[in-house]
Amino acid sequence: MKKTSKAASFTLLTALFISVLSGCGSANNVPEASNNAQAPTNAESDNPYKDHMDISVSWWGIGVGFQQKDDILQHVENTFNVTFKPMDIGWDNYKQKAQVWAAAGQLPDIITNSITNDSPATYNEWVNQDLIHALPDDLSAYPHVEQVAKAKGVDGIRRDGKLYAIPRMTFPLEQAEAVWAVDRAIFVRKDWMEKLGIADPKSFEEFNAMLKAFVEKDPDGNNKNDTTGIVMNTLGYFKSVFVPTFPQMGNQGWVEEDGKWIPFYASQKMDEVVVQARQMYKDHTLDPDFAVAKAGEGNQKFYQNKAGAFAFKTDGILGATGIQSEWEKNNPGLSFFDHVKILHLWPGADGTVYRQVNSPWWSETMINVDVDDKKLDRILRIYDWLLSAEGKELFDYGIEGKDYTKDGDKYVITRAKEENGQYIDLKKAYPSMDIISQMAAWRNASAIEDSESNRAAHGDAAIQFIQDEIKWQMDNAKPMPTAFEFFTMTTPAKDKLSAINFDDDFTKMILGKDDPVQTWREIVKGYDSKGLQQAITEVTAEMAKQK
């Protein structure tokens with residue numbers, strides 16, 4: 001690929017993002033871990049970590065997370081003889097901050113962003129503008145990083161045969177399908193269902209009728225009209241309600257219709273979805289405050305017996321601020337599992353129950369092009385260790401001798417306990433853990449696997465609840481139809497579609513008063529000005545070429 005000069009790139013980016021405000025977060029002794037398997041001997045030295053290095057890194061909330069310099073952070077820094085220099089980003093501004101840093105020539109050494117799958121056009125620009133470092137062609141010195149680089153779908157983000165990002169895998173490659181199956185869940189008050197004589201819904205109509213009964217029939221028995229149907233953590237979780245109606249909506253995929261490949265929101269199947277969504281709002285079976293509630297506010301209505309159903313994810317039950325803990329806090333003396341269950345979705349029109357699947361990764365690590373070869377090697381060694389079994393042991397169990405002891409393959413948890421008798425969450429004991437443990441991979445599967453650590457931290461009932469749900473999904477549901485090539489496919493017009501904000505437009509449609517089908521069709525027609533038809537043409541041609 002032809003590279004433009006960095007000076008020209010910075011000038012262009014500065015003009016584009018001059019109005020965006022930026023800011024940076026500010027930024028010892030535990031036993032050194034053995035890294036022989038993950039850190040091969042450097043040809044220049046028997047000790048590849050002889051020279052101390054400062055490594056700047058961006059991450060969500062890293063300024064606070066690294067502030068205490070806890071033992072986990074010290075362990076990693078001491079092991080690799082580095083000092084991490086945090087550069088803070090927020091969930092609401094991380095993309096803008098990255099652009100401002102790029103324009104000013106101030107990108108961190110380790111860049112956290114989500115442009116490989118959220119904004120491939122920006123990824124292409126950064127590659128072309130020589131802002132990010134190509135990974136070595138030979139990654140055999142970093143076998144765990146190499147495994148990620150060879151994972152299915154990663155070739156789609158290579159440019160001229162080179163990889164410029166380390167995808168942050170959502171789940172371990174060998175477990176991805178099973179774990180994605182529990183990334184969406186509809187929790188429901190099974191005691192309310194029993195009280196009102198309601199069986200598990202077998203269709204959307206029965207589901208909406210159940211929610212309507214929660215609204216109108218005083219399921220909590222307080223003689224007040226103060227309950228709603230379904231609340232949500234975010235709109236993304238709520239959309240799983242429509243998977244039986246239109247499976248590809250569940251992961252915002254592309255579908256083939258009338259010989260063309262189109263994004264899900266342009267599909268004819270959206271007609272039925274928008275009718276159902278509007279009906280729920282009209283019937284008050286959808287939380288009337290959903291459009292103005294911030295992430296997490298809807299949860300409280302479920303915890304406080306003001307809602308009969310809650311859209312989130314299965315492992316949302318875990319942790320001191322998880323669904324189980326918060327619900328039981330608001331219902332002292334009652335067991336969450338006696339009163340709440342996961343409501344399984346009903347079959348689609350083809351008779352199939354579908355389960356969640358999605359892209360193998362979300363977000364990525366990129367390395368500043370100004371990093372020299374020695375620092376690049378050090379960063380890749382760190383990432384290889386983060387992805388290793390040794391790293392996993394630290395993140396699962398903490399520090400040996402302090403948080404656990406080990407006798408052969410047997411782990412004995414020794415860390416402190418909470419007042420409720422459960423072992424303290426490692427992320428609470430070590431604020432840096434939530435960041436370091438996820439820098440290279442999200443490790444979502446580690447939190448829900450059936451392990452001694454998880455049973456000690458969360459209790460047998462919570463872990464068994466999750467394991468039972470994984471089994472049900474794998475035994476009874478099929479993965480939603482997904483054309484995975486679209487997650488990384490890049491064409492000029494398709495890249496520009498990232499400017500479309502489906503959630504905002506879907507919300508406006510729900511709140512509207514005109515015919516929902518006509519409203520939605522007009523919204524989609526408006527996408528033509530953003531390049532929708534050209535994107536469809538380009539993607540259809542690309543799919544034909546690939547086949």
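Lysine 212 has its place in helix α10, where helices (H or I, at least four residues) and strands (E, at least two) are DSSP runs numbered from the N terminus. The model is a predicted one, in which local features need pLDDT of at least 70 and side-chain atom pairs count only at pLDDT 80 or more, whereas totals for chains, interfaces and linings use all residues. Residues are numbered from 1 along each chain as its sequence is written, and side-chain values use heavy atoms, with hydrogens and water left out.

When residues up to four places away in sequence are not counted, lysine 212 touches Asp283 and Thr285, contact meaning heavy atoms within 4.5 Å.

Helix α10 (residues 204-216) packs with helix α12 (residues 270-282) at an angle of about 15°, their axes being 11 Å apart; axes are lines fitted to C-alpha atoms, for helices over the stretch in contact, and angles run from 0 to 180 degrees between N-to-C directions. That makes α10 roughly parallel to α12, since angles under 35 degrees count as roughly parallel, over 145 as roughly antiparallel, 65 to 115 as roughly perpendicular and the rest as oblique. Phe204, Phe207, Asn208 and Leu211 of α10 make the contact with Gln276, Gln279 and Met280 of α12.

Elsewhere, eight of the ten residues of helix α3 (residues 71-80) are buried, so this helix is largely enclosed by the rest of the structure. The buried residues of α3 are Ile72, Leu73, Gln74, His75, Val76, Glu77, Thr79 and Phe80, and what covers them includes β2 (82-89), α16 (373-386), α17 (389-397) and α19 (433-436). At the start of α3, a side-chain oxygen of aspartate 70 comes to within 3.1 Å of the backbone nitrogen of isoleucine 72, while just after this helix asparagine 81 adopts a positive phi of about 55°.

Aspartate 109 lies in the loop between α4 (94-104) and β3 (110-113) and is buried, with a relative accessible area of 13%. Its side chain makes a polar contact with the side chain of lysine 375 (3.1 Å), such a contact being a pair of N or O atoms within 3.5 Å, of which, within protein, one must be able to donate a hydrogen and the other to accept it, and residues adjacent in sequence count only if both atoms are side-chain atoms. Leaving aside neighbours within four places in sequence, the residues in contact with aspartate 109 include Asp54, Ile55, Ser56 and Met366.

How values were computed:
Buried < 20%, exposed > 50% of the residue type's maximum accessible area, 1.4 Å probe, protein only.
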